[in-house]
Amino acid sequence: MIKNTFRKYHRLIATLFCLPLLFTAVTGTSIAIADTWLHQEELAGFLITVHTWQIFKLDAIVPVLNGLGLIGLVATGVSMTGLFTKRRQPKRMEERP
């Protein structure tokens, strides 16, 4: 029952945050490629403003939302794995009737 609830919330969080997180991952990777491999400092500088959402004037709120979304995904995902549930111990032979 509780796993289904976490699965529902995990699906909701993933749906809401898939595009902002994908955007952040793609632009972050592009910065590394532009700067390190292509040696394009101007392009890397532009990509940093896009990556940090400064170009859209959202640089104060979007990183916080991305972080909260990731925390929510990790929390619901880990809870669904069953790592923290108590497992029943099988009865020993001498305890069985």
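I looked up Lys57 and found it in the loop between α2 and α3. I took helices (H or I, at least four residues) as DSSP runs, numbered from the N terminus. The model is predicted, so local features need pLDDT of at least 70, side-chain atom pairs count only at pLDDT 80 or more, and totals for chains, interfaces and linings use all residues. Residues are numbered from 1 along each chain as its sequence is written, and side-chain values use heavy atoms, without hydrogens and water.

I checked the backbone at Lys57. Its phi is positive, about 60°, although Lys57 is not a glycine. Most residues other than glycine have a negative phi. Lys57 is exposed, because its relative accessible area is 70% (exposed is over 50%, buried under 20%, partly exposed in between; 1.4 Å probe, protein chains only).

Next I went to Trp53. Trp53 also sits in the loop between α2 and α3. It is not a glycine, yet its phi is positive at about 65°. Trp53 is buried, because its relative accessible area is 14%.

I noted a nonpolar patch of about 900 Å², with Leu43, Phe46, Ile55 and Phe56 among its residues. Two or more patch residues come from each of α2 (41-51) and α3 (62-81). I recorded α3 as giving the most, with four residues. Patch residues have over 30% relative accessible area and no salt bridge, and nonpolar side chains (Val, Leu, Ile, Met, Phe, Trp, Tyr) are joined within 5 Å. A salt bridge is a side-chain nitrogen of Lys or Arg within 4 Å of a carboxyl oxygen of Asp or Glu. Areas come from the Shrake-Rupley method with a 1.4 Å probe.

Last, I checked Leu43. Leu43 lies in α2. It is partly exposed, because its relative accessible area is 39%.

Conventions
Patch = residues over 30% accessible without salt bridge, like charges linked within 9 Å, V, L, I, M, F, W, Y side chains within 5 Å.
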